[in-house]
Amino acid sequence: MALHRNFINGEWLEGKSVRENINPSDMSDIVGEYAQADKAQTEAAIAAAKAAQPAWAASTPQQRADALEFIGTELLARKDEIGRLLAREEGKPLSNGIAETTRAAQIFKFFAQETLRTEGVAVASVRPGVDILVTREPVGVVGLICPWNFPIAIPAWKMAPAIAFGNTVVFKPADLVPGSAWALAEIVSRSGLPKGVLNLVMGRGSVVGQTMLESRDVNAISFTGSVETGARVAMACATRGAKYQLEMGGKNPLVVLDDANLDIAVNCALDGAFYQTGQRCTASSRLVVGYKIHDAFVERMVEGMKKLKVDHALKDGTVIGPVVDEAQMAQDEKYIQIARDEGGELAWGGERLNRDTKGNYLSPALFIGTNNNQRINREEVFGPVASVIKVESYDEALAVANDTSFGLSSGIVTTSLKYATDFRKKSAAGMVMVNLPTAGVDYHVPFGGRKGSSYGAREQGRHAVEFYTSVKTAYTLA
């Protein structure tokens, strides 16, 4: 089996050890062997990025656009192949893997054009004879620490703007899913970027990630992952004055009002709560439902859940693939038990399943009879587990929806323009969906939340320039 090496300063290098990439749909299937970097190799990647940054910052917008366009074009051309690789290593259904690869391509193509739109502003001074010019410049060396649940889309929406705005990159993918990251880096290696602009360093977060956090040569860190790790990233960066951006978790509400179209409500809830095995930070794990529609909604939900095919990610018709690994499965089962212990009634699901291949298969679980003070409604599970909270009114639904330490995504299903408009204004979340699932966003608009979900500038879209550049104000006496 070929060894997939780290990419540092334009060269493919073996690491200090090797990690097998296991298919969660079939644990006998080894997707590949991937190099693991140590502290010294990570430092070499940082040094390469630092050395390459001044020349790359001075490159033309066209040079950057051409490279990003090349990457996007090849991703699109190979979306079926890379989507299949993604499905094998992460466990999401093949159609989702292909769609995610397509989205990554679209992100690169979007930022290829953004290179040509970076603007400055000429400002009149209050002093006679003085000109003022406000411009944006690259931050410098940017460290990207990415999660396992979107192994090519999230790296794309961090890497593309970083490169587009003249930064150099040290990229650490999640340990569980190095395959998609390696495939992306291999394309980038042939895009015409100078050596050192993009460096792929695979390995443990405690080694590679920690080295990036501690290095004074890394000027900014963009992190997506758990709240606990995000807090450590923030502390390390704040201590040495580095810029940082955090995308962490969510406990996202989907409000279903009594006037809701039941078909739309159930479809939004099934998609938002259970698709992609619930392993999305935007998943709607709290279903806040009006008392009049509650019983009919729960009945229809259970009917719909029974029809969701849980199986191998590459099988036709699979809607829910396996849980990503045994550790995540243990966490899902822990919270299912917690919900039971707290008095929640399991309406359906929550059981390990046997399939043709050995994998971490779990039937989607729905709890009813819960309240917003229970742990199942306060803490992120990150699995196919949702709970229903019955409410008496719209005002109570809004209060429950906002009563959380998170604030990433929220949704409402209603036929009332009045309530839809009010919820859109008063929801304490960074993203609000009306009659749509809480998960699923476009690639050209800002992504991010409030409170414990996010910190720093938004990701994606034109707002990405805020994190990946610094503002300079220059004065000239005419």
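## A buried aspartate

At a relative accessibility of 13%, D175 counts as buried, because the cut-off for that class is under 20% relative accessible area. The structure described here is a predicted model. D175 is found in the loop that runs between β9 (168–172) and α6.

The side chain of D175 is joined to that of R204 by a polar contact of 2.7 Å. Leaving aside residues up to four places away in sequence, D175 touches R19, Q36, G203 and R204.

## Aromatic pairs

Across the whole structure, a search finds 9 aromatic pairs. One of them is formed by W12 and W182, whose rings are tilted, with 5.2 Å from centre to centre and 40 degrees between the planes. This pair links distant parts of the chain: W12 belongs to strand β3 (residues 11–13) and W182 to helix α6 (residues 178–189), and the two are 170 residues apart. W12 has a relative accessibility of 30% and therefore counts as partly exposed. W182 is likewise partly exposed, its relative accessible area being 21%.

A further pair, between W148 and F382, is edge-to-face, with 5.4 Å from centre to centre and 85 degrees between the planes. W148 lies in the loop between β8 (141–145) and α5 (153–164), while F382 lies in the loop between β18 (365–370) and β19 (385–391), so the pair ties together parts that are 234 residues apart in sequence. W148, at 17% relative accessibility, counts as buried. F382 also counts as buried, at 15%.

Ring pairs join F7, W12 and W182 into a cluster.

## Nonpolar cores

The largest nonpolar core contains 64 residues, of which L75, F108, F111, M159 and F171 touch the most other members. Helix α5 supplies the largest share of this core, with 9 residues.

L75 illustrates the contacts made by one of these residues. Not counting residues up to four places away in sequence, L75 touches I82, T101, A104, A105, F108, I152, L184 and I187.

Another core lies apart from the largest one and has 28 residues, among them V256, A260, F297 and V388.

Key:
Residues are numbered from 1 along each chain as its sequence is written. This is a predicted model: local features need pLDDT of at least 70, side-chain atom pairs count only at pLDDT 80 or more; totals for chains, interfaces and linings use all residues. Side-chain values use heavy atoms; hydrogens and water are left out. Rings of Phe, Tyr and Trp (its six-membered ring) pair if their centres lie within 6.5 Å; planes under 30 degrees apart count as stacked, over 60 as edge-to-face and the rest as tilted. Helices (H or I, at least four residues) and strands (E, at least two) are DSSP runs, numbered from the N terminus. Buried means under 20% relative accessible area, exposed over 50%, partly exposed in between (1.4 Å probe, protein chains only). A polar contact is a pair of N or O atoms within 3.5 Å; within protein, one must be able to donate a hydrogen and the other to accept it, and residues adjacent in sequence count only if both atoms are side-chain atoms. Contact means heavy atoms within 4.5 Å. A nonpolar core is a set of buried Ala, Val, Leu, Ile, Met, Phe, Trp, Tyr and Cys residues joined through side-chain atoms within 4.5 Å.
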